[in-house]
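Here are my notes for your first look at this one.

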Amino acid sequence: MPIDWTTVPEADAVGRELHGLMEELFPVPRSLTGDGVRATLARIGEDVPLRTVELPTGTQVFDWTLPREWNVREARIEGPDGARVVDVADSSLHLLGYSVPVDTTVDLATLREHLHTDPRDPDVVPYRTSYWAERWGFCTSRRVAEALPEGEYRVRIDATLADGHVTYGEVALDGERDGVVLLTTTVCHPALANDNLSGMAVLAGLARVLAAQDRLHHTFRLVWSPGTIGPLCWLHTNPDLVDRVRHGFAVSCVGDPGPLTYKRSRRENAAVDRAAEVVLRDRPGATVRPWTPYGGDERQFCSPGFDLPFGALSRTPADAFPEYHSSADDLELVRPEALGDSLHAALAIVDALERDETLVNASPYGEPQLGRRGLYRSLAGGSSEEAAILWVLSLSDGTAGLLDVAARSGLPFPAIREAADALLDAGLLVREGDAQAGSGS
Ligand code: ZN
């Protein structure tokens, strides 16, 4: 069904709202697992019908064994003079993700082995994790690290690394059809704004609009989950849905001021790839990239055993903005108008997928006489409405859908859809099922 755009707030207004949600969620100490992820999902669930799913530590999920759950109460380093050098209370970036608990005193040389700094910028705190190797560590700016005096440092990490759960959130919206549209984002990063948090906010905005629609053709699943293991947990938990996924894309890094980027699915030519291409084609500076086996959720959904038609929507891709994985990826980097524009683009892609259809020209022998049916507005011709009508008639031989027509004609999808509706009304196009019924009688 078409998205009812009257239910969609204007881009700047909705962008400001989503930025407000990000400000609330920014200080929540998220990681691969733990109470920070739960608190994040609980907040998003205040606005949309989100269900939380938990899988226990030790569960075998494809080639992975789910990790222990990590929760931190406090973590800090005190200098020789007793003053705090680094404290996770200031920013959850200061603690190496998944650090094991420690309570000890070390000399400066030993401390340095556990300090992580950013090689690119002396003033930022890097984001580092050690999910799969047991160690402890802190992250700080190079400027702070280099100025540390010789002496004894008191190090304390009060954390629990114990059997628990991997947690993800899901919004399920059942449509008229079995076919599933899967939209996902990542929730494991702590105090970073564009990477992870912008995706969480825009997906929440998408969920809100989709939940407000009276009718949806497709069944929708929107998933907020931790990196790598989250998508694997969803695939593991939903074998019945996996075969029904018709379209999908990840939403991440969607708040910086750069232009939109879409990365194609591994299939390269799935309908969602065409929908994204057609929508982004009309947006200044936007680019469509080929498939690569690195990135986010798409790595799991497009692995060869699943090979789902699943792409990735971002603005500047994660590996291409200089603030990536550092404290410079903050709420200032994320622009409300960029969040709103990303939401509108994602909705336009979803709208095209909802309204795509393969139709058949019912009068394929020569051109039908359009003027007699009021479909030719002027003898001069050349208007974009007429062009859309001619393209739809030309390509609708039962093999090309309306998205294919939009892609090949260079015309916007809504114009193609409008032309198709006019031709359906005039009896010059029929739905495939109707065409077969007609030929069989
Ligand atoms: Zn990241």
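1. Phe62 is found in the loop between β2 (60–61) and β3 (64–65). Helices here are DSSP runs of H or I with at least four residues, strands are runs of E with at least two, and both are numbered from the N terminus.

2. Before going on, a word on what you are looking at. This is a predicted model, in which local features need pLDDT of at least 70 and side-chain atom pairs count only at pLDDT 80 or more, while totals for chains, interfaces and linings use all residues. Residues are numbered from 1 along each chain as its sequence is written, and side-chain values use heavy atoms, with hydrogens and water left out.

3. Back to Phe62 and its backbone. Most residues other than glycine have a negative phi. Phe62 is not a glycine, yet has a positive phi of about 55°. Glu268 also has a positive phi, near 70°, and is a residue other than glycine. You'll find Glu268 in the loop between β14 and α8 (271–281). Glu268 counts as partly exposed, because its relative accessibility is 30%.

4. Now the overall layout. Domain 1 covers 5–66 + 166–355, domain 2 covers 69–162 and domain 3 covers 358–431; these bounds come from an automatic or database domain assignment. How far apart do the C-alpha centres of domain 2 and domain 3 lie? The distance is 64 Å.

5. On to the rings. The structure holds eight aromatic pairs. Rings of Phe, Tyr and Trp (its six-membered ring) pair if their centres lie within 6.5 Å; planes under 30 degrees apart count as stacked, over 60 as edge-to-face and the rest as tilted. Trp136 and Phe138 make an edge-to-face pair, because their planes sit at 75°, with the centres 6.4 Å apart. Trp136 is buried at 12% relative accessible area, and Phe138 is buried at 0%. Phe301 and Phe310 form a tilted pair, 4.5 Å centre to centre with 45° between the planes. Phe301 counts as buried at 1%, and so does Phe310 at 0%. Ring pairs also link Trp70, Tyr98 and Tyr131 into a cluster.

6. Lys263 lies over the face of Trp291, 4.9 Å from the ring centre. The rule asks for NZ of Lys or CZ of Arg within 6 Å of the ring centre and within 35 degrees of the ring normal.

7. What about cysteines? With a disulfide taken as a pair of cysteine sulfur atoms within 2.5 Å, the count comes to zero.

8. Do have a look at helix α6 (residues 229–237). It is largely enclosed by the rest of the structure, because seven of its nine residues are buried. Among them are Cys233, Trp234 and Leu235.

9. Leu424 sits in helix α13 (residues 413–425) and counts as buried at 19% relative accessibility. Leu424 and Asn361 are 63 residues apart along the chain, with 9.3 Å between their C-alpha atoms. Leu343 belongs to helix α10 (residues 336–355) and is buried, with a relative accessible area of 0%. Leu343 and Asn269 are 74 residues apart in sequence and 23 Å apart in space, C-alpha to C-alpha.

Conventions
Buried < 20%, exposed > 50% of the residue type's maximum accessible area, 1.4 Å probe, protein only.
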